[in-house]
Amino acid sequence: MVNHDAYQVSRETFRALRDDVIVEEMAFKERKLASGIILLDDDGKGYGIRPRWGKVYAIGPDQKDVTQGQWIMVEHGRWTRGVKIADGNNETVIRKVDNKDILLVSDQDPGSDDSIADSIDIYQR
């Protein structure tokens with residue numbers, strides 16, 4: 001069910017400008033380490049200052065470094081507040097990130113596989 005507080009947008013009509021990068025699914029919740037240790041939700045706390053992963057939702061026409069669907073690690077706080085959108089039957093929160101603060105790029109969801117290090121590229125300009 002679609003929330004009426006969300007903006008109605010479709011991927012086909014949504015477009016980022018210039019070399020902008022728009023992400024969804026940023027990781028703000030608790031994390032589970034490979035060792036099984038669970039780190040509680042630390043967003044908004046001093047010890048929660050750390051980079052976050054997000055999935056690229058859209059890119060501008062001049063963006064050459066990342067593509068839609070990749071995962072990027074962004075330096076702490078270098079993203080906008082989230083905007084809730086309804087994309088078809090699903091809702092997601094999107095954020096714009098600062099290009100210069102993208103630290104890593106991955107073709108796989110970094111939270112889904114312990115061997116993610118094999119698929120990470122250092123982001124360089």
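**Note on strand 6 and its partners**

1. Strand 6 and strand 9 (residues 102-106) pair in the antiparallel sense, over four bridges. Two strands count as paired if DSSP finds at least two bridges between them; strands themselves are DSSP runs (E, at least two residues), numbered from the N terminus. This is a predicted model, in which local features need pLDDT of at least 70 and side-chain atom pairs count only at pLDDT 80 or more, while totals for chains, interfaces and linings use all residues. Residues are numbered from 1 along each chain as its sequence is written, and side-chain values use heavy atoms, with hydrogens and water left out.

2. Within this pairing, valine 74 has isoleucine 102 of strand 9 as its bridge partner. Isoleucine 72 stands opposite valine 105 in strand 9.

3. Strand 6 also runs antiparallel to strand 5 (residues 52-59), joined to it by four bridges. Here valine 74 of strand 6 is the bridge partner of arginine 52.

4. In a regular strand the side chains alternate between the two faces of the sheet. For strand 6 (residues 71-74), both faces are covered: Trp71 and Met73 are buried on one side, Ile72 and Val74 on the other. Buried means under 20% relative accessible area (1.4 Å probe, protein chains only).

5. Strand 9 is largely enclosed by the rest of the structure, because four of its five residues are buried.

6. A separate point concerns aspartate 20, in the loop between strand 1 (7-9) and strand 2 (21-24). Aspartate 20 is buried, with a relative accessible area of 10%. Leaving aside neighbours within four places in sequence, its contacts (heavy atoms within 4.5 Å) are Ala58, Ile59, Gly60, Gln63, Lys96 and Asn99.

How values were computed
Buried means under 20% relative accessible area, exposed over 50%, partly exposed in between (1.4 Å probe, protein chains only).
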